[in-house]
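These are notes for a colleague who is opening this structure for the first time. Please read them with the model on screen.

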Amino acid sequence: DWTPQSFVEETVEDLQTKLGNDRVVLGLSGGVDSSVAAMLLHKAIGENLYCIFVNNGLLRKNEFTDVLEQYKGMGLNVKGVDASTRFLDALAGLSDPEEKRKAIGRVFIEVFDDEAHEISDVKWLAQGTIYPDVIESVSATGGPSATIKSHHNVGGLPDFMKLRIVEPLKALFKDEVRRVGASMDMDATLLGRHPFPGPGLAIRILGDITAEKVRILQEVDAVFINGLKEWNLYDKVWQAGAILLPVNSVGVMGDERTYEKCVALRAVESTDGMTADWVNLPYEFLQKTSNDIINKVKGVNRVVYDISSKPPATIEWE
Ligand code: XMP
C-alpha cells in the first residue's frame, strides 16, 4: 500500500542511488511542489542540492523575503536572487498576455542559467513536476518548471536545460504531494498555500505593467489574503487573488471627486484548476475587505467580486 512514509523512504533511496555524489540544481518557486521536491532531494543528497529562488518582482507582498527565510529554516542550501528590475524592464510597454508570459519566461531562463553556471560541475536539473503537469500543458502549480516547459526555445537550449532531469514527484497528485510534505514535517502553512501562477501578478494586472501597479496590487492582494486567513476562509478556498483592472471610475472622498482604479477579487473552489466555481464568501467578509482595501490602498476607489465559473470563464483574467 502507498503511504507517504514509504514513498519518502523509497524515493530517498532511489535518489541516492541515481545521483550518487552529483550536484543538482533546483528552482524553488515558493509553491508546494518545488518545496516538497527540494525537501526530498535534501534528505537524499544534502548540500549537493543547490536551490535557486528567483524574485521576479511579481510575487505577493513580502513573499520573497518570508519564503526565503522559511527555506533557510528548513536547512535548504538556497540562494535568493532578486531580479525584479530585470523582469520589470523586460515587461515595460507590453500589454498582450502571451507577450508578457514570454518575456517573463525568457528572463527567468536567463537568470536561472546565469545562476546555474555559478555552481561548478552541476549534473542534474531537479523539477517539482507532478502527475497532472505531465498531462496538461499549463501547470496549475505555477512553478519555475512550468515556466521553463512552456517557453523553452528548441533552437538554442540554455545550458541548464541540457542537464539530466530528475523529477521525484512525477507520479503524484497534489494531495499526495501535500501528504508527503507533511510526513517530512514540513510547515503546514507552506503545504497549504494556494497555487500561484508562474508569471505571478503580471497576469493579474490587465494591460501594461509598472512598478506602481505592482505595488498597488500587492497591497490589495495582501488585504484580501490576510482577511481570508483571519476569517478562517483561506483553507476553504482553492485559489484566491486580486486583479487590477485597466479601468478608472469616479468616486467621492470628503468633498472631492476621485477618479481611481478598480480591483476585482477572485476566489474559486476547484480540485485541479481545470474547472472551478466561484466561492460564496460571506457578505460580511466581502464588505469588510472592500472597506479595508479602499481605506488602506491609495489609488483604489472601487472593489468588485468575480462571480464567474470556469468554464466558460477562466480562473485568471489573462
Ligand atoms: P486558468 O486561468 O487557465 O488557470 O483557468 C488555471 C490554473 O493555472 C494557473 N495559470 C498559470 N500557471 N503559468 C502558470 O504557471 C501561467 O501562465 C498560468 N496561467 C494560469 C492559474 O493560476 C490557475 O491555477
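Predicted model: local features only at pLDDT ≥ 70, side-chain atom pairs only at ≥ 80, totals over all residues.

1. Leu-49 and its surroundings. Leu-49 belongs to strand E2. Leaving aside neighbours within four places in sequence, its contacts are Val-24, Leu-26, Ala-38, Leu-41, His-42 and Asn-77. The pair Leu-49 and Val-24 is separated by 25 residues in sequence, while their C-alpha atoms are 4.9 Å apart in space.

2. Val-24. The contact with Leu-49 is also found from the side of Val-24. Not counting residues up to four places away in sequence, Val-24 touches Leu-19, Leu-41, Ile-45, Asn-48, Tyr-50, Trp-124, Ala-126 and Val-166 as well as Leu-49.

3. The largest nonpolar core. This core has 78 residues. Val-24 is among those with the most contacts inside it, together with Leu-26, Ala-38, Leu-41, Cys-51, Val-220 and Val-263. Helix H2, residues 32-45, gives the most to this core, with 9 residues. Both domain 1 (4-191) and domain 2 (204-305) contribute residues, so the core lies between them.

4. The two domains. The domain assignment of the protein chain gives domain 1 as 4-191 and domain 2 as 204-305. Their C-alpha centres lie 28 Å apart. The contact takes 11 residues from domain 1 and 11 residues from domain 2. On the side of domain 1 that touches domain 2, 6 residues are nonpolar, 3 are polar and 2 are charged.

5. The annotated positions. According to the UniProt record, an unreviewed entry, the annotation "binding site" covers Ser-29, Gly-30, Gly-31, Val-32, Asp-33, Ser-34 and Ser-35. What surrounds two of these positions in the model is set out here. Gly-30 sits in the loop between E1 and H2, and Gly-30 is buried, with 24 other C-beta atoms within 10 Å. Leaving aside neighbours within four places in sequence, Gly-30 is in contact with Leu-59, Glu-63 and Val-67. Ser-34 is placed in helix H2 and counts as buried, with 26 C-beta neighbours inside 10 Å.

6. Helix H3. Which residues of helix H3 (residues 63-73) are buried? They are Phe-64, Val-67, Leu-68 and Tyr-71. These residues cover an arc of only 105° around the axis, which puts them on the same side of H3. The buried residues of H3 pack against strand E1 (23-28), strand E2 (49-55) and strand E3 (78-82). Thr-65, Glu-69 and Gly-73 are exposed, on the face of H3 turned away from its buried side. Just after H3, Gly-75 has a positive phi of about 85°.

7. Positive phi outside glycine. Asn-62 is not a glycine, yet it takes a positive phi of about 60°. Asn-62 is found in the loop between E2 and H3. Asn-62 counts as exposed because it has 10 C-beta neighbours inside 10 Å, and 12 or fewer places a residue in that class. Asp-185, also not a glycine, has a positive phi of about 60°. Asp-185 lies in the loop between helix H8 (174-183) and helix H9 (188-191). With 9 C-beta neighbours inside 10 Å, Asp-185 counts as exposed.

8. Where is Pro-311 found? Pro-311 lies in the segment after strand E9 (300-305), and Pro-312 is also placed in the segment after E9. The peptide bond from Lys-310 to Pro-311 is cis, with omega near -15°. The bond that joins Pro-311 and Pro-312 is cis too, with omega about 5°. A reader may wish to look at these two bonds in the model.

Methods: Residues numbered from 1 in each chain as written. Core = buried A, V, L, I, M, F, W, Y, C linked by C-beta atoms within 7 Å. Buried ≥ 20, exposed ≤ 12 C-beta atoms within 10 Å, placed from the backbone. Helix = DSSP H or I, 4+ residues; strand = E, 2+ residues; numbered from the N terminus. Domains from an automatic or database assignment. Contact = placed C-beta atoms within 7 Å. Arc of directions from axis to C-beta. UniProt positions renumbered as here; feature names shortened; annotations may be inferred. Nonpolar A, V, L, I, M, F, W, Y, C, P; charged D, E, K, R; others polar.
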